[in-house]
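User: I want to learn how to read salt bridges in a model. Please start with the general idea, then go to cases.

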Amino acid sequence: SKGIGSLALQDEDKWILARVNDAVREATANMERFELSLAAQKAYELIWNEYCDWYIELVKGRLYGGDEGDKKVVRYVLVRALKDMLKLLHPFMPFITEEIWSFLPKNGTTKDNPEGFLIKESWPVYDSALTYENEVKKLELAMEAIRSIRNIRAEAEAAPSRKLTAIIRSSGKDMENIKGGERYIKSLANITEISFITDKSLVPEEVMSAVIGDVEIYIPLDDLLDYKAEFDRLQKEKARLTGEVQRVGGKLANEGFVSKAPEKVINDEREKLAKYEDMLVKVTERLALVEKKL
């Protein structure tokens, strides 16, 4: 960790360093027990689920931002984490990791390793100074919140590009932690504004919600639903169902059909009619509600 103490690390930098550090400890223990598949699995999860899925997404804004000092910090952490991940993967994929390594900046070659080869590098060592427990808690909570909001979007069929507002209810240490993740939630879940509340009675009427321990997240329905699009969709659905009711109803009113068709076919048609009529009632009720919102 030498040199790291002097850097102005942000919470997400500390989080990824802690995750890499953790993976180093686990992979080393697994290798020593000859649990090779577990060591490989650990490296895979770290690279895929944490470095690629989260860290790179979290720092994109900083990489393209205007703060040169901060950009240097991000680049340092990205490269440092990548180097450790390549070391963890090297026993399993020696050639491709060596090739990638050759493109990374060399931090001064040594007498033992003048060409700076990965195969001659030392294995990474767990460092108890890099656990960053508070930052890890904060980031994990923010990620849970982001996942929950993405799920709510999917359920409501709201596009990822649709801007939403959120109300978050919590208290004590949990409130502190979730507030610490505000900027991540805003940028990665596309939230324009978050109201933090402790009193549940301040939650609006029509919302979709998610709960993470002692943190409750509420997204107003008015933000999620595009009422105009919903109105158009329901009108089409109403026209379709009306047509079906008329078609099946006409069939059942036709003497020729009823007298000749087998009983099972007639019963099937009756069931269909009842189903379409029921759906039509529901769609009509929902239309009336949506129309009020237009």
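Analyst: A salt bridge is a side-chain nitrogen of Lys or Arg within 4 Å of a carboxyl oxygen of Asp or Glu. This is a predicted model: local features need pLDDT of at least 70, side-chain atom pairs need 80 or more, and totals for chains, interfaces and linings use all residues. Residues count from 1 along each chain as its sequence is written, and side-chain values use heavy atoms, without hydrogens and water.

User: How many salt bridges does the structure hold?

Analyst: There are 30. Take K173 and E176: their side chains pair at 3.2 Å, N to O. Both sit in helix α6 (residues 172–180), three residues apart, so about one helical turn separates them. Helices here are DSSP runs of H or I, at least four residues, numbered from the N terminus.

User: Which salt bridge joins D268 and K264 in helix α11?

Analyst: Their side chains meet at 3.0 Å, N to O. The two are four residues apart in helix α11 (residues 263–293), about one helical turn. D268 is partly exposed at 33%, while K264 is exposed at 59%.

User: What about D278 and K282?

Analyst: Their closest N and O atoms are 3.3 Å apart. Both lie in helix α11, with a spacing of four residues, about one turn. D278 is partly exposed at 40%; K282 is exposed at 53%. Elsewhere, shared partners link E12, D13, R62, D70 and R183 into one salt-bridge network.

Conventions
Buried means under 20% relative accessible area, exposed over 50%, partly exposed in between (1.4 Å probe, protein chains only).
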